[in-house]
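Student: Can you walk me through this one? I'd like to start with the sheet.

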Amino acid sequence: MKLVPLGDRVVLKQLAAEETTKSGIVLPGQSKEKPQQAEVIAVGPGGMVDGKEIKMEVKVGDQVIYSKYAGTDVKLDEEEFIVVRQSDILAIVEA
C-alpha cells in the first residue's frame, strides 16, 4: 500500500533517534524524546486550500524539522508515518 496525501499535506517518516549522546552516554529508551526530524516520503498537490493558493515548498527525499505536536501518526504495513500540513514543517535540513 501507498499513502497519497491530499491538499497541502505531507507524509513524513521519522528519522531514528540518537541512542548515544556526542560524549558517548547511552540514553535509556524512556528518557528519549521523539526527534522532530523526518524525511519527506510523499507530498500533496497543493493548489487551493481553504480559499488560499498553496505552493508546495518541500519535495520527496527532503529532510525536514516539523512542529513538536503536529500531525497524525499513521501505521501502514508495519511502518509508522506522520501526516502533517506543510505549514507544520518549520525548516528543510540541507547538508
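Student: What is the strand order in the open sheet of 6 strands?
Tutor: The order is E6-E7-E1-E2-E5-E8, with antiparallel pairing. Strands (E, at least two residues) are DSSP runs numbered from the N terminus, and two of them pair if DSSP finds at least two bridges between them.

Student: Which are the edge strands?
Tutor: Strand E6 (72–76) and strand E8 (89–93), each of which pairs on one side only. Neighbouring strands of the sheet are turned by 45° against each other on average, direction ignored; the axes are lines fitted to C-alpha atoms.

Student: What should I know about the model itself?
Tutor: It is a predicted model, where local features need pLDDT of at least 70 and side-chain atom pairs count only at pLDDT 80 or more, while totals for chains, interfaces and linings use all residues. Residues are numbered from 1 along each chain as its sequence is written, and side-chain values use heavy atoms, leaving out hydrogens and water.

Student: How many bridges join E5 to E8?
Tutor: There are 4, between antiparallel strands, with E5 covering residues 63–66. Tyr66 has Ile89 in E8 as its bridge partner.

Student: Where does Asp62 lie, and is it buried or exposed?
Tutor: Asp62 is in the loop between strand E4 (52–54) and E5. Its relative accessible area is 10%, so it counts as buried (under 20%, with a 1.4 Å probe and protein chains only).

Student: What does the side chain of Asp62 reach?
Tutor: The backbone nitrogen of Lys59, at 3.0 Å. Not counting residues up to four places away in sequence, Asp62 also touches Ala38, Glu39, Val40 and Ile92; contact means heavy atoms within 4.5 Å.

Student: Changing topic: how many residues has the largest nonpolar core?
Tutor: The core has 12 residues, including Val10, Val40, Met56, Tyr66 and Ile89. A nonpolar core is a set of buried Ala, Val, Leu, Ile, Met, Phe, Trp, Tyr and Cys residues joined through side-chain atoms within 4.5 Å.

Student: Which elements give two or more residues to this core?
Tutor: Strand E1 (9–14), strand E2 (37–43), E5 and strand E7 (79–85). Apart from it lies another core, of 5 residues, among them Ala42, Leu76, Phe81 and Val83.

Student: And what does Val10 touch?
Tutor: Leaving aside residues up to four places away in sequence, its contacts include Pro5, Val40, Ala42, Met56, Ile82 and Ile89.

Student: Last one: how many helices and strands has the protein chain?
Tutor: The protein chain has 0 helices and 8 strands. Of its 95 residues, 25% count as buried.

How values were computed: Buried means under 20% relative accessible area, exposed over 50%, partly exposed in between (1.4 Å probe, protein chains only). Axes are lines fitted to C-alpha atoms, for helices over the stretch in contact, and angles run from 0 to 180 degrees between N-to-C directions. A polar contact is a pair of N or O atoms within 3.5 Å; within protein, one must be able to donate a hydrogen and the other to accept it, and residues adjacent in sequence count only if both atoms are side-chain atoms.
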